[in-house]
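Dear colleague,

Please find below the structure that I am handing over to you.

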Amino acid sequence: MWKFIRYEWKLWLKSPMLWIFLLINTLLVMGAVSSDNVTIGGGVGSVNKNAPYVVEFYYGVMSLICLLMTTAFMNSSANRDFTNGMYQFIFTSPIKKRDYYFGKFIGASTIAIIPLLGVSIGSLIGPFMPWAQPERYGAVVWNGHLQGLICFGIPNTLIAAVLLYVLAITFRSNIVSFIGAMLLLVLYGVSAGFTRDIEKEWLANLLDPFGFRPESIMAKYMTVDEKNAHGVSLGGALLINRIIWLVISALILTLVYFKFSFTLKNQKIKKEKEKKDDEVIQTNEPKDHAYTIIHRFSFSALWYLIRFETKAIIKNPTFIIIVVIGLINLIVSLTSFTGRYGTDQYPVTYDVIGTIQGSFYLFLIGIITFYSGVLVWKERDMKINEIQDSTPVQTAMLFVSKLIAMVFSIALILGLTIIIGVITQSLFGYYRFQLDVYIKSLLVLDLLSFSFLVVIALFFHYLINNRYIAYFAFVAFIILNQFIWSALKISTNMVKFGATPSVVYSDMNGFGPFVPSLVWFNIYWFVFSVIVGFLIYSFVLRGQETGLRHRLGQSKYILVKNKLVIGLCVIVFILCGSFVYYNTKVLNKYDSEKELENKQVDYEKQYKKYEKLVQPRFYKYNYNIDIMPYDRSVVATVEAWARNISTTPVTELHFTLPTIPDSVKILIRGSKLKLNDKRLHYRIYTLEKPLQLNDSVLITFNVSKMTRGFENEVSFTQLTQNGTFFNNIDIIPTFGYNKGYEIGDKNKRVKLKLPKRLRMPKLNENDLASRANTYISTDADWVEVNTTISTTPDQIAIAPGSLIRSWKANGRNYFNYRLDQKSLDFYSFISARYLVARKKWKDIDLEVYYIKEHEYNVPNMLLSLEKSLEYYTANFGKYYHRQCRIIEFPRYSGFAQVAMSPRMILTRCFMWLRMRWDTSTGRTRYAVPVCRGQK
């Protein structure tokens, strides 16, 4: 046995592949430890970048990333003798099966651990990089390195090595080993579904073969200091997980050992039937055939080639296995996504689509990566490329058929996921399938994105003309295309290949504001892909001449031959690109991530000195708001009264302007504009007569936001066709310096040489300065609000307070609202095509504003409002408003719900899409947070 172990060690230690893998891991971890531009498994926040917890976590993540490296080691060791034809000598020599089987496994698996040492090497040298920030690191704690190896590095490598080794040595196939690696990833993905339910966390701990789930659960409540001091110890659920999977691996390795044999299986040979001498062979008279002229373009011939290539893909056993594994992972995800910490929700279509995208698309990218090479190389693998090259079939038809077949195969898979999604919805008793949303999301938007990737994959294979280098180039391209643009601080979707604006579907508004930019960016990349397609076609290889000079000459000839069509495509691309550029860079200017950061830095450096400046405080507002939802525009005039409550006279009024409106005009009688910083949105007005104690001033804000063309990314989703929802702070300026505009990340502040931000002050009743403001605002306390708001005839507009009256004029709906009691200076304005459910509780109007598609739990929501008011008024005090509303809005915002006096604004699936409560079981209903809004 020792001879085999030593042989594997000696062979692999001399192999460049081992040290290349180690170098890759070292550089990756070094980059993550020394820079914020590289992340492994997410950021580390306030924890030291070389903390023992972080190092241990990196060992876990890298053991997952190194799965393909482990596959390479185990597959090569298991199949080397069969590949080299040495198995016949070995199987007939006096070698013990035990020595051969376990010796090769131990030798290869121990070698597979070496690349993981790059975690320790990278984390040790990372802090010494010239760009590293010394304050981000602590002392080296070797316990984290040791625990990382013991908890993750060694166990995960052995667990993966066992499965990969036994599959390789049993089936002697590279593809089977690859499928085995994917099975481990499926188990890892399946375990994620059970972490959402606290009662099923134990199941997640058992199913995860890599140990991440128990580790994350055990580290859930660790403080920053604890993570800086030590990692997660090998105990509890993590220890149980490690023992279970190591025992399972040992059993598998042992069982396969007893099945393993040095004798080859007998191969069945089909015998041909012998023809009898006296057999009469009948021949038919020659018949006339209609021949297709295949050296010219023919739709029938192209359709035949497409069908042929598509069948070659979808009937391939490996393709079927990969798809089945992916679908199993999808099905498991679909059965668990509705259970979130003990609450159930309806499996609405957009949630099912999100689950499909999250659990299945990695497999689709794998299919594109692998089968793009299969399509290009299958004729050469089967040794029939010379026969095909000698046929008069057009090269363009051969290439186009492969491209379309690949896209068509992906469409078939996506169609299958739609069927599974619909079946899942039916099993959960939900029958609003929204097939149009499935088709638009999966078979239009996502299929286009995958089609762009197919074009690039084929481009690398035909251009490079080396299968494995092309595989590497394509994967490298995907990674670079994903991350390099953010590292270069480039935000436009016009340079990131295949990039389109982020889109969020909402039942209230459909694809709403995202449609124009989605259409034009997809046209932009489609035309670009057509141009790339012509370039690929020019490099399609036919014949035995493979030299680069010959291929370049061939490419030049084909491009010149098709110059008119290519020229037309280039013109269309330039026109389309110009139109996109005009809309996204001229009509709708936006700041890159770097420019936004620079503005925040400059704002703080220039105006931080005014933070303690005495300013008046708002106490009353009159809003006149006109919403044009279908134009995504709003015009508002706001009369705001402010009072000086300090003994210091106010001689200047300082304003920080909101960044959303196109135009903000400020009118103050008896004032003069002193400073208008348009870049940093800061203004200073000098008052002719200073404001003394209790003096008031009337300030009029004229604000407008007009949507023109389309944007690179939709920036103001609060203003939309159905479900407009914006806050008062979105449209009107605030007094003085706004601390919320500062960069909050303490590590980034150090990097940008900004002063350390002070923590929240300690509780002290005598510290009146720290207690001067609420958590809501720094320029107002309790305010009066009166609002006149208008919208289109088919929508209801809502503002804070009671509805005083409503009327129609000039083809618009008008509403007047007024707060019954003073409230905090934070409220919203809403417009949508609502249905309204009403109920009376004592003298309070209970109202639920919803869309018809989400009517499931409206009666229960009214009942919850009633029960909540009963409980809260009995235990906490009087409710001072005359109405209590629950209002739905689109799922564009990151939060799920917010209480704004006197309303609860709810989105996503919070209450709207929870499963119906069973009143017969006496289950506890949701308690609604009621905003009192009373001084």
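Helix α3 passes helix α7 in a right-handed crossing. Please note that this is a predicted model. In it, α3 covers residues 52–65 and α7 covers residues 118–125. Their axes come within 9 Å and cross at roughly 140 degrees.

Just after α16 comes K383, which takes a positive phi of about 65 degrees.

I turn now to the second largest pocket. About 1,700 Å³ of space lies in this pocket, and 48 residues line it. Which of these residues lie nearest its centre? They are E611, K612, K739, N773 and T778. Two elements give two or more residues to the lining, namely β3 (617–628) and β11 (734–735). The largest share comes from β3, which gives three residues. Sorted by class, the lining has 21 nonpolar, 14 charged and 13 polar residues.

With kind regards

Conventions. Residues numbered from 1 in each chain as written. Predicted model: local features only at pLDDT ≥ 70, side-chain atom pairs only at ≥ 80, totals over all residues. Heavy atoms only, no water. 1 Å grid on protein atoms, 1.4 Å probe; cavity = no way out; pocket = protein on both sides within 12 Å on 5 of 7 lines; lining within 4 Å. Points joined across faces, edges and corners; volume = space filled by probe spheres on them. Helix = DSSP H or I, 4+ residues; strand = E, 2+ residues; numbered from the N terminus. Nonpolar A, V, L, I, M, F, W, Y, C, P; charged D, E, K, R; others polar. Axes fitted to C-alpha atoms, helices over the stretch in contact; angles between N-to-C directions. Left-handed = near helix turned anticlockwise from the far one by under 90°.
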